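The following exercises are to be worked with the sequence and the 3D structure at hand. Each task is followed by a solution in steps.

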Amino acid sequence: MESRAKVAPSIPWLQGARPPRIAVVGDVILDEYLDGQVNRISPEAPVPVHLVTKTIHGAGGAANAARNIKLAGGDVMLLSVIGNDEAGKNLRQLLQRDQIDTSYMQSVNDRPTIRKTRITSSSHQLVRVDWERVHPISTEVQDWIMNGLKSIEFDALLISDYGKGALPISLLSNLLGLAAERKVPAVVDPKGRDFSKYLHATLITPNRKEACDALGLDPSDDYSGEELGRRLQSTFGLQNVLVTMGPKGMVLVPDANKGAPSTPVSLPAMAREVYDVSGAGDTVVAIMTLCLAAKAPIVDAMHIANTAAALVVAKWGTQPVRLDELTVALTSEPAAKASGTSFSTGAKIASRESLKQLLEAPALRQKKIVFTNGCFDILHAGHISYLEAAKSLGDLLIVGVNTDESVRHLKGKTRPYIALSDRMRLLAALASVDFVVPFGEATPLELITSLSPDVLVKGADYDKDAPSSSPKTIVGADVVRASGGTVETITLVPGLSTTSIIERIRGL
């Protein structure tokens with residue numbers, strides 16, 4: 001089997017005159033998180049008492065796939081059914097907040113909105129409570145969905161099957177038939193034991209357990225992704241099969257009759273800490289569909305989907321990938337070695353919004369966050385010493401980096417010498433640095449306010465106790481102190497600066 005790791009391609013769905021429109025059909029879910037603390041045992045019974053401190057709602061299932069498409073820069077139409085209840089209203093509002101058209105989501109009285117309530121403490125799930133009534137949607141609703149789909153133009157069809165009744169076999173057959181009639185790709189996130197219902201799908205994306213279940217195999221046995229994919233093809237007459245293998249990456253078994261690569265292709269999972277795998281499958285199928293709609297090679301689509309999955313599993317809860325963070329990750333990744341070495345530096349580079357979400361994860365709330373910022377135009381030993389000293393002041397070090405435009409504003413038209421993507425990649429390669437985030441404002445004040453670090457660090461040429469009117473005051477110091485944090489200065493290595501290095505080079 002061929003193992004490939006490619007230099008990141010450009011994002012294919014942004015290359016056309018307009019973003020591709022994806023029609024998403026399937027089971028929508030309201031994901032609910034009751035986050036809090038368990039500090040005592042109930043006097044009523046020998047059970048822990050969970051004190052809820054925060055309630056978080058997210059979109060799951062087909063709704064999460066739709067959010068991934070929209071927030072990654074695609075156009076999406078979501079066709080599904082929800083209950084005529086509060087959970088349905090919450091889900092509709094979540095989608096509308098992301099400017100996703102919900103006019104093709106029908107509210108019905110014969111079934112509640114599917115809701116998964118996870119009770120969590122310190123990033124650990126204590127229990128999950130499911131609210132659902134599983135039965136096929138009525139023929140009237142099926143006809144309503146098909147008529148809605150026929151009335152719109154779309155470049156690809158995504159079917160998100162969670163086995164909750166939104167996709168009866170008759171509807172599935174009609175959906176796939178319409179995609180074939182319009183000659184657009186149909187991608188399925190499958191469920192159940194009979195995959196023959198996905199016969200005419202362009203691509204299906206089961207995880208390893210789903211593949212084993214469909215084949216009647218024991219998931220604890222050591223089946224490879226290639227073997228599972230080939231068995232699915234031969235048993236159910238399927239075309240392209242992408243098996244996601246969790247920490248073992250993903251394997252594509254292509255349709256040999258369609259001129260695809262003649263041998264299966266594997267990608268290793270990208271190395272980074274995993275906080276929550278919820279929704280990773282939705283991200284993979286969404287990105288694969290976007291790529292195929294844009295007529296990208298399927299191997300390039302795999303690479304982008306693999307990168308996107310690595311980003312979302314680093315977030316807490318069911319969350320989509322966003323275009324800005326995906327762009328940064330794809331442009332900053334080095335080519336992996338042929339031996340399968342996973343990416344490392346790209347995993348540390350984050351957008352402001354995605355980093356803020358990550359820091360809200362319970363597992364990171366107890367960490368002491370250190371923040372510093374700068375241009376870091378030409379990385380040198382003085383920077384290394386400074387960043388190592390900054391890291392020693394806490395658990396995680398975040399480095400804010402000026403964009404190219406803001407460097408020109410600060411340093412003049414000839415700067416920076418090194419482009420932003422390369423500066424961030426170099427910083428991310430340092431062991432002392434945990435996250436790198438760009439900012440384009442004149443000062444990092446907005447970034448500091450958003451991230452709310454515990455420790456703010458600058459070089460000793462700034463006066464940490466200077467009044468706010470002083471030109472040498474540390475920007476953001478008042479904000480950090482007001483939230484209970486501290487401000488520290490670090491002595492710089494004498495004679496080492498980007499300016500002095502450039503002057504010496506010019507002097508040669």
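Predicted model: local features only at pLDDT ≥ 70, side-chain atom pairs only at ≥ 80, totals over all residues.

**Exercise 1.** Determine the partner of R423 in a salt bridge, and state whether R423 is buried or exposed.

*Solution.* 

Step 1. R423 pairs with D404, and their closest N and O atoms are 2.7 Å apart.

Step 2. R423 lies in helix α14 (residues 420-428), while D404 lies in helix α13 (residues 404-411); 19 residues separate them.

Step 3. R423 has 1% relative accessibility, so it counts as buried. D404 has a relative accessible area of 22% and is partly exposed.

**Exercise 2.** Describe the salt bridge between E446 and R352, and identify the network to which these residues belong.

*Solution.* 

Step 1. The side chains of E446 and R352 meet with an N to O distance of 3.7 Å. A salt bridge requires these atoms to be within 4 Å, so the pair qualifies.

Step 2. E446 is in helix α15 (residues 445-451) and R352 in helix α10 (residues 352-359), 94 residues apart.

Step 3. E446 is partly exposed at 48% relative accessibility, and R352 is likewise partly exposed, with a relative accessible area of 22%.

Step 4. Through salt bridges that share partners, R352, E441 and E446 are joined into one network.

Step 5. A search of the whole structure gives 19 salt bridges.

**Exercise 3.** How do helices α5 and α6 pack, and which residues meet?

*Solution.* 

Step 1. Helix α5 covers residues 208-215 and helix α6 covers residues 225-236; their axes are 10 Å apart, at an angle of about 40°.

Step 2. This angle makes α5 oblique to α6.

Step 3. The crossing of α5 past α6 is left-handed.

Step 4. On the α5 side the contact involves R208, A211, C212, A214 and L215; on the α6 side it involves L228, R231, L232, T235 and F236.

Step 5. Sorted by class, the residues in this contact are seven nonpolar, one polar and two charged.

**Exercise 4.** Locate T205, classify its burial and list the residues that it touches.

*Solution.* 

Step 1. T205 sits in the loop between β11 (203-204) and α5.

Step 2. T205 has a relative accessible area of 4% and is therefore buried.

Step 3. Leaving aside residues up to four places away in sequence, T205 touches V187, V188, D189, P190, E210, L242 and V285.

**Exercise 5.** Identify the backbone features at P416, F376 and S452.

*Solution.* 

Step 1. For reference, most residues other than glycine have a negative phi, and most peptide bonds are trans.

Step 2. R415 and P416 are joined by a cis peptide bond, with omega about 0°. P416 is in the loop between α13 and α14.

Step 3. F376 is not a glycine, yet its phi is positive, at about 50°. F376 occupies the loop between β15 (369-374) and α12 (381-391) and is buried, with a relative accessible area of 7%.

Step 4. S452, also not a glycine, has a positive phi of about 50°. S452 is located in the loop between α15 and β18 (455-459) and counts as partly exposed at 40% relative accessibility.

**Exercise 6.** How many helices and strands does the protein chain have, and what percentage of its residues count as buried?

*Solution.* 

Step 1. The chain has 17 helices and 19 strands.

Step 2. Of its 508 residues, 54% count as buried.

Step 3. For contacts between residues at least 6 apart in sequence, 69% join residues at least 24 apart.

Note on methods. Residues numbered from 1 in each chain as written. Heavy atoms only, no water. Axes fitted to C-alpha atoms, helices over the stretch in contact; angles between N-to-C directions. Helix = DSSP H or I, 4+ residues; strand = E, 2+ residues; numbered from the N terminus. Parallel < 35°, antiparallel > 145°, perpendicular 65-115°, else oblique. Left-handed = near helix turned anticlockwise from the far one by under 90°. Contact = heavy atoms within 4.5 Å. Nonpolar A, V, L, I, M, F, W, Y, C, P; charged D, E, K, R; others polar. Buried < 20%, exposed > 50% of the residue type's maximum accessible area, 1.4 Å probe, protein only.
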